[in-house]
Amino acid sequence: MADIRFDGKVAIVTGAGGGLGRAHALELARRGAKVVVNDLGGSVDGSGGHSEASLKVVEEIKAAGGEAIANGSSVTDDAGVARMVKDTIDQWGRIDILIANAGILRDKSFAKMDFGDFQVVVDVHLFGTVKPTKAVWDVMREQNYGRIVVTTSSSGLYGNFGQTNYGAAKLGLIGLMNTLKLEGQKNNIHVNAIAPVAATRMTENLMPPAVLEQLKPEYVTPGVVFLCSEEAPTGAILTAGAGAFALARIVETEGVYLGHEASVETVRDNWAKITDEVGQKAYVNGGEQSAKFFRKMQGG
């Protein structure tokens, strides 16, 4: 089969000054894409900011013969996001790909976390994905083409101690994806999610060096770049790390119809049937799941 190429395509990668975003930007450029390298240049907790990181990645891309421009806008700033999209259109006339990768950490147990630390993490991860996505959405609709990759996490899918803020934001992105995949279908806009495990500034203090060596960001990038391609699925949650890839799904058991007269005790007494994993299913949309309830009510 032919190699996957992005000649003539334009990509915006947020948080691309280092780590995962840098690896994604470099690979897209290597495969022919014109890339906007967005990075605020702040610290892991979101403080500070400078353009040096994004400029370095642009220099790397250009040195390898690619095309790229740097952008230092914050993904939470409406005016900055609008400027990023305008600069991209002014430069290349289209936007085909958005990888929403920017993020910060402010880890604390829920008991010790103040609301400000919860709010800022949700703002960067959730709204910092919503705002760029909203800004490129009409461009992609008019083109009848778009590929969007949001960055979720196992902390959102499964939970992780000390990351209520991060986990809430990351699972919120799955809700965003699940609806955008439906709304984008008629305009050939595919929306997917990546759940990466990688050695970055955000994880470098969590694991020993020998493990981090096996978790280089570039080992995640092949999955992300595939989700940016014309052959990409839509609505997939791809987990990736250390060269391993898997599909994560939210499933629902077949369950049991207990009727309108069901009591608390009826639920208790039927808990084994309710939670029986045999026949469990990942639904494509909420309407399909609702139809299941109507079938159950009718004895189906």
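Modeller: Rings of Phe, Tyr and Trp (its six-membered ring) pair if their centres lie within 6.5 Å; planes under 30 degrees apart are stacked, over 60 edge-to-face, the rest tilted. This model is predicted: local features need pLDDT of at least 70, side-chain atom pairs count only at pLDDT 80 or more, and totals for chains, interfaces and linings use all residues. Residues are numbered from 1 along each chain as its sequence is written, and side-chain values use heavy atoms, leaving out hydrogens and water.

Colleague: How many aromatic pairs does a search of the whole structure find?

Modeller: The search finds 0.

Colleague: Which residue lies over the face of Tyr145?

Modeller: A charge sits over a ring if NZ of Lys or CZ of Arg is within 6 Å of the ring centre and within 35 degrees of the ring normal. Here Lys9 lies over Tyr145, 5.1 Å from the ring centre.

Colleague: What caps the N-terminal end of helix 11?

Modeller: Helices (H or I, at least four residues) are DSSP runs, numbered from the N terminus. A polar contact is a pair of N or O atoms within 3.5 Å; within protein, one must be able to donate a hydrogen and the other to accept it, and residues adjacent in sequence count only if both atoms are side-chain atoms. Asn285 is the cap: a side-chain oxygen lies 2.9 Å from the backbone nitrogen of Gly287. Just after helix 11, Gly299 takes a positive phi of about 85°.

Colleague: At what angle do helix 4 and helix 6 pack?

Modeller: Axes are lines fitted to C-alpha atoms, for helices over the stretch in contact, and angles run from 0 to 180 degrees between N-to-C directions. Helix 4 (residues 115–143) and helix 6 (residues 164–183) pack at about 20°, with axes 7 Å apart.

Methods
Helix = DSSP H or I, 4+ residues; strand = E, 2+ residues; numbered from the N terminus.
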